[in-house]
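This report is for a reader who meets the structure for the first time.

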Amino acid sequence: MVSGLLVDLLVIALLLAGVWQFRTPPGARRGNWTAAVALVVATVVVLWRHGLESVPLVVIVGLLGIGLGVWVALRATMLQIPALVAFQHGMGGAAALLVSFVELTRDATKAAITPPEVAALLGLIVGAGTFSGSLIAAGKLDRRLPQTPVSLPRHDAMLLCLALLVVAAGIVAALAKDIALLSTVLVAVVALSIAIGALFAIRIGGADMPVLISFLNATAGVAAALCGVAIGNRLLIACGATVAASGSILTHVMCRGMNRGLTSIFAGTRTSAPPAGAAPAGASHSRPEPAAPAPVSVKTSAAPTDVSSNGDPYNHAATLLREARRIIIIPGYGMALAEAQEGVVKLAEQLLEQGKSVKFAVHPVAGRMPGHMHVLLAEADVDYSLLFELKDVNHEFAETDVALVVGACDVVNPAAIERPDTPISGMPILNAHEARHVIVCNLDERPGYSGVENPLYNNPKTVLLFGDAQESVEKLCKGLSASA
Amino acid sequence: MNEVLLMLGIFVAVFGLGYLFITRVPQMLHTPLMSMTNAISAVTILGALLLFSVETSAFEKVCGAAAIITAIFNVAGGFVITDRMLGMFRRKNVAPLKFSNTGDNSPSGQD
């Protein structure tokens, strides 16, 4: 048994070593495989210790699962990553739910209520909730479901009722001695938990998804850990704990990035503020509507470089970029929806070649999951040493000549720090307004997800290039090279 | 009861260590991190395999097989997509800027 404990400790150490290496991208790549090895070792250990009946069945479904998983993983685009991760959370939840279910129905004859039995019940509930919540989240992230939050009448009351019913059914299940009764009640518990997960998730809107997906990450971990207690397996508990830790940290980071409490996000309190149609910059109509190529808005007033006062904002913007020495690019989700990231990276490289300082300032909630924007830019082949976090770059805007905003609105909205009464007040923003000039390449002038008007648009130092970001950026590139 | 305490201890200890390590992960790597931990959470595959360590009824076979498929889909897919993502992070020689993921607000190496 001592050797068993040693092997378990070895696997746990490998797992933590994997997480430990997540400091730099190359290290993380090794860390990822370290963790994979840990799981393989854990699987071998379990098979070694306990053996396997029905080998053909296990092998066939195992290979099928691996094939499907790898096939999907190889085909997914980086824009689809959040949806895929959410879907995988759901699969993890489903697995925890199934294992707990079988475990519970197996030893129904036990007299006393044991801690593993309670853990299995909880694992069943958390697993089922994670399953349905994740599927809803995946649907929203993949834009198969409406992005706007769905709030049913008496949403809170319904959730509370369902929760109470789950508790009641759980107690009945724990006391039930009869296998038929137990199975029925367990099915009811699962159904109720699935309903809770779904109700919980539909209320959360597009831009709040990073919080939901992080939270589901944590619950998937908890479900795995509970499953581990249920079957008395230390490795499962340890793995579940790692995931729960990561999920809770990411949830916290996302909440801080929006300066909102977890409860206010999950209660959908803010969602009453914006008009129903107010989707994030360019989110509602990105691809299908190829965004009026001719932006009409020309707001270029009182700029010191009056070389291009012929009214073409693109010329003006290109001139600003040409004369700038320090440039900070602020990418938002609108950029990803317009598929403009490659153009933006090209523009950045062009500016770098001209000897300018170029940095990307990435807001924590710029994408649809924590760190999503970094991955999107990495896919567009950006040099990752150009990517900076809010806290590392924000003090530099005052010395920056041009802040180039592409498809971002709320995260650069000065109202968040200037006004106390908006839904985004107190949210940390990137201080684009402190730069000498601001160029905004957004789809239109509509406010971002929060529905708060952006005073940056009316600032005389701002050049607005409304329209499809891909085209705007391309024009900037051309303007820059034409006169270089 | 001892058994339960040991399990609780493992959870708390690993959660604590994981928490310590993960707070140091730069924002840039948060998506790969979540994707990897997501793969790890499908460690329930062990539970699914354990279901098959004894003689199983038809119903248990169905549930167990479904659990194996969902879990292993998650494990294999999770690690592969994480690797793909991380493979996209590249540095180029043109990079004149110092990479800083820590809190030190060192001014950029360029001027």
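Domain bounds here come from an automatic or database domain assignment. On that basis chain A is divided into the three domains listed below.

| Domain of chain A | Residues |
|---|---|
| domain 1 | 1–75 |
| domain 2 | 79–272 |
| domain 3 | 306–482 |

The model is a predicted one, in which local features need pLDDT of at least 70 and side-chain atom pairs count only at pLDDT 80 or more, while totals for chains, interfaces and linings use all residues. Residues are numbered from 1 along each chain as its sequence is written, and chains are lettered from A and ligands numbered from 1 in the order in which they are written.

**Domains 1 and 2 of chain A**

The centres of domain 1 and domain 2 of chain A, taken over C-alpha atoms, are separated by 23 Å. Their contact takes 7 residues from domain 1 of chain A and 6 residues from domain 2 of chain A, where two residues are in contact if their C-beta atoms, placed from the backbone, lie within 7 Å. On the domain 1 side, the largest share, 5 residues, comes from helix 1 (residues 2–20) of chain A; helices (H or I, at least four residues) and strands (E, at least two) are DSSP runs, numbered from the N terminus.

In the contact between the chains, 85 residues of chain B meet 99 residues of chain A. Helix 1 (2–22), helix 2 (30–41), helix 3 (44–51) and helix 4 (58–88) of chain B each supply at least two residues of the side that touches chain A, and the largest share, 28 residues, comes from helix 4 of chain B.

**Phe200(A)**

Phe200(A) lies in helix 7 (residues 179–202) of chain A, and it counts as buried because it has 21 C-beta neighbours inside 10 Å. Leaving aside neighbours within four places in sequence, Phe200(A) is in contact with Gly133(A), Leu159(A) and Phe266(A). Phe200(A) and Ile81(A), by comparison, are 119 residues apart in sequence and 22 Å apart in space, C-alpha to C-alpha.

Note on methods
Buried ≥ 20, exposed ≤ 12 C-beta atoms within 10 Å, placed from the backbone.
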